[in-house]
Amino acid sequence: MSDGHAHGHDGHRHERHGHPPGDAHPPRDEQPHSPTRTSLRHRLAHLLRPHSHETADRLDPALESSARGMRALWVSLLVLGVTALAQAVVVAVSGSVALLGDTVHNAADALTAVPLGIAFVLGRRAATRRFTYGYGRAEDLAGLAIVLTIAASAVFAGWTAAARLLDPEPVQHIPVVAVAALIGFAGNEWVARYRIRVGRAIGSAALVADGLHARTDGFTSLAVLVSAGGAALGWQWADPVVGLAITAAIVLVLRDAAREVFRRVMDAVDPALVDRAERALRDVAGVREVGELRLRWIGHRLRAEVAVVVDGEATVRQAHAIAVDAEHALLHAVPRLTAALVHADPAPVTGEQDPHQVLAHHMTA
């Protein structure tokens, strides 16, 4: 039985395939489980819809996903910048401390586009001999920075609300403050939906976290609206109490964003992707079993390492062909997968020593 170690003597890394994210081929788990029909289906797919194996073409989907991320950042930066500017004008007129806090939140949220923008630019750089996997991890670092920004926003909101509770202040020009609060909520919610949608489409946990951050600022804007209503009724305590409630909501959003970014940093993937990859591999002609399978995110792109069991009497060329077919199946079956390292293990023979036994002492802690 193969122990699934992906060492290089039979492993093959093929990164020249140009499959875009979310390739339009039907999922492997929805296709008949016939090795012969699978092989024919791949050949027909090449004939009917040829795709390039050149390095430049392989990079196009990755660059396109980064371009979508950059576009989402700049558009949301513009919207939040205009929102914060409009609110700043009302702050100058009304002197509302609550609206001032909301304006600061919006400005801070707009500025989170900076670390993400840097991360997307770095992610486009080619791998080097020092950074052999490229610079995609910069997105995870940007995600951590965004989580810290959300945490700082929660602290600031809580501190402001507590100070207002201890020293209530009247709010002037309440109708104007209410309108500014609605503008703040609308701007933040639009940006939140846009960032989250694009982030999930390109697989960027950092961009999703940034969208959640924008949503927290939208909640803060609603708090300003509710507090303005309380102030109109003469309830000066309404502003700080609602502010504390919104602080609790920000903490909940912070928890979700932190969990998503933490999972990405720890190389967590959706188990459904692993199941889907295993099903695709078992459909490949010549694959008897699937050994160790690993998936990991590097930025908003996936990489895979897998060991497959093949006929022990297969020639090197035959084993290589099976490895190429296995990688091809993975690229079609797993969205946003850009590279796979496939290691072919010979099927075990009764009484034969495990060929990986010589490596056992390297595996001990």
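**A quick tour of the model**

Asp 267 counts as partly exposed because its relative accessibility is 27% (buried is under 20%, exposed over 50%, partly exposed in between, with a 1.4 Å probe and protein chains only). This is a predicted model, so local features need pLDDT of at least 70 and side-chain atom pairs count only at pLDDT 80 or more, while totals for chains, interfaces and linings use all residues. Residues are numbered from 1 along each chain as its sequence is written, and side-chain values use heavy atoms, with hydrogens and water left out.

**Confidence**
- The chain has a mean pLDDT of 76 (the predictor's confidence in each residue, from 0 to 100), and 80% of its residues reach 70 or more.
- Over residues 1–10, pLDDT stays under 50, and the model has 23 contacts beyond four places in sequence for them (contact means heavy atoms within 4.5 Å).
- Residues 13–63 also stay under 50, with 73 such contacts.

- Most residues other than glycine have a negative phi.
- Asp 267 has a positive phi, near 65°, and sits in the loop between α8 (238–265) and α9 (271–282) (helices are DSSP runs of H or I, at least four residues, and strands are runs of E, at least two, numbered from the N terminus).
- Arg 336 isn't a glycine either, yet its phi is positive at about 65°; look for Arg 336 in the loop between α10 (316–333) and β4 (337–346).

**Nonpolar cores**
- The largest nonpolar core has 30 residues, and Leu 73, Phe 120 and Ile 250 are among those with the most contacts inside it (a core is a set of buried Ala, Val, Leu, Ile, Met, Phe, Trp, Tyr and Cys residues joined through side-chain atoms within 4.5 Å).
- Elements giving two or more residues to this core are α2 (55–94), α4 (113–123), α5 (138–166), α6, α7 and α8.
- A second, separate core has 28 residues, including Val 290 and Leu 330.

**The second largest pocket**
- This pocket holds about 430 Å³ of space (a pocket is an open set of points on a 1 Å grid over the protein atoms alone, where a 1.4 Å probe fits, with protein on both sides within 12 Å along at least five of seven lines; lining residues have an atom within 4 Å of a point).
- Its lining has 18 residues, with Glu 260, Arg 264, Ala 268, Asp 270 and Trp 297 nearest the centre.
- The largest share of the lining, five residues, comes from α8.

How values were computed
Grid points are joined across faces, edges and corners, and a volume is the space filled by probe spheres set on the points.
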